[in-house]
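Please look through the structure slowly, moving from single residues to the whole chain and back again. The paragraphs that follow take up one region at a time.

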Amino acid sequence: MSKAEFILTPATGKYFIGRKELISELFKEALRKKSHIGFCLYGRRRIGKTSALMELKYLLRDKKDVVVVYLSLYDLADLSLRTFGQELVNIISSAYQEKGLLPIKIKMGKLLGASLDVVMELLKNAKIQASVLEQIKLIIESGEKKENYSEYIRHAFNLSEKLAESTSTKCVLILDEFPEILRIENGAQLVKMLRTQYETQKNVSLIISGSIKKTLEMVAISENSPFYKQLVPKHLLPFSEEETEEFLKSYMGKVDRAEARKLHKLTGGLPFYLQFIGRSTEYRGDIDQIIDNFVKQEGSLFFKEEFEKLSDKEKLIVISLSKGMKTLTDIAKETEEPTTTIGRYLPILMEKEVIIKEFRGSYLILDSLFGYWVKQKYGNAP
Ligand SMILES: Nc1ncnc2c1ncn2[C@@H]1O[C@H](COP(=O)(O)OP(=O)(O)OP(=O)(O)O)[C@@H](O)[C@H]1O
Ligand SMILES: [Mg+2]
């Protein structure tokens, strides 16, 4: 197989590395007819959530009885109920049209603005199943009642079930960047409504995904939240050392294990860094040198802003962590700050997802490359 070139867009096919267990689980579930298990995929920024979802879609592209619908809430032109509903209808119907399972040529989006009479006239001769036609009617009618877009979204969402049922397919409905939904008017209500609808569906598997762990926990994981128990939570972690090696093998054609290990340690196995560093350096030369240069040249672009957002005390703590301090006492000693001050700021830094608790009493900078940059830049200051 030919080598893959480094990319910054979501990776699929030959570009997609690792995540075997996750993909296999999602894939198997997608093929299980009448099963209705959904997933909630979450993880930090640029860890590869969108890539994993796109890869699932890619792997299922030729399956006759599974239709994958992918919508990222980031791609909505605006966060209004109307736009969300429209996009749902658009994207669900296009996916069925593409697989030849919805025999109309015209784009659904074009129909949504028209009056019911016009639409019914247009669809009169198309061989659309009665239940689907009925659903389209409900969508158009509720869309005309401008004061109640929640109904509109309910019907739009259920188009997936109606299409799946009537074509004996399974519909895998992926909503990427799902927490954005809370920014839509009455977002929390909307989430509850979708959940209630989802309970009534039999042929749709819902996969939601988002980068802000907190929001997702609220939406999907915590006990009081609507999607609790309906969606299987999946935390997407950085590449393992083996996956980093596999990455280098696929993208470079060869791999030196010792170098791979170094690179893994510095990037923390974040696929985005592996791609980004590769793109600007092609990994030519000594790996320490490569990373050093990369961090010096490109690092400022990324990390300076992130660092400047921190308060003075937070900066001190982050610098101390970058130098290898791990515990509250060590940080206090090294920064010559009272332990109470450090104790106050550590949770704030965790909240901001700058640091994580490695285990009880021991802290780490979440992004190891950021830590490396901080150390290079501020670590030697008196
Ligand atoms: N499995 C993978 N194999 C190879 N490259 C990957 C993989 N997953 C992610 N990447 C690369 O990492 C970068 C980020 O990927 P992606 O956009 O999928 O992450 P994300 O978690 O959806 O990010 P965001 O938080 O911005 O939505 C891209 O450059 C992508 O090509
Ligand atoms: Mg993404």
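Where is the place of Tyr283? Tyr283 lies in the loop between α12 and α13, where helices (H or I, at least four residues) and strands (E, at least two) are DSSP runs, numbered from the N terminus. Its phi is positive, about 50°, although Tyr283 is not a glycine. Glu282 is also placed in the loop between α12 and α13 (287-297), and Glu282 has a positive phi near 55°, again in a residue other than glycine.

Before going further, note that this is a predicted model, in which local features need pLDDT of at least 70 and side-chain atom pairs count only at pLDDT 80 or more, while totals for chains, interfaces and linings use all residues. Residues are numbered from 1 along each chain as its sequence is written, and chains are lettered from A and ligands numbered from 1 in the order in which they are written.

A residue is called buried if 20 or more other C-beta atoms lie within 10 Å of its own, exposed if 12 or fewer, and partly exposed in between, with C-beta atoms placed from the backbone. Tyr283 counts as partly exposed because it has 18 C-beta neighbours inside 10 Å, and Glu282 is partly exposed because 13 other C-beta atoms lie within 10 Å. Over the protein, which has 382 residues, buried residues make up 37%.

The protein as a whole contains 18 helices and seven strands, and its C-alpha atoms fill a box of roughly 80 × 50 × 30 Å, taken along the principal axes. The domain assignment gives domain 1 (19-235), domain 2 (241-297) and domain 3 (303-378), with bounds that come from an automatic or database domain assignment. Taken over C-alpha atoms, the centres of domain 1 and domain 2 are separated by 37 Å.

Domain 1 and domain 2 each give at least three residues to the shell around ligand 1. This ligand is surrounded by 20 residues, of which the closest are Ala11, Gly48, Thr50, Ser51 and Pro271; a residue is counted here if its C-beta atom, placed from the backbone, lies within 6 Å. Helices α2 (49-59) and α12 (271-281) each supply at least two residues of that shell.

Within α8, Leu190, Val191, Leu194 and Tyr198 are buried. These four cover an arc of only 100° around the axis, so they lie on the same side of α8; the arc is that of the directions from the helix axis to the C-beta atoms. On the other side of α8, Gln189, Thr196, Glu199 and Thr200 are exposed.

Asn186 is placed in the loop between β3 (170-176) and α8, and it counts as partly exposed because it has 13 C-beta neighbours inside 10 Å.

Finally, in helix α15 (residues 312-322), the buried residues include Leu316, Ile317, Val318 and Ile319. After α15 comes Gly324, whose phi is positive, near 105°.
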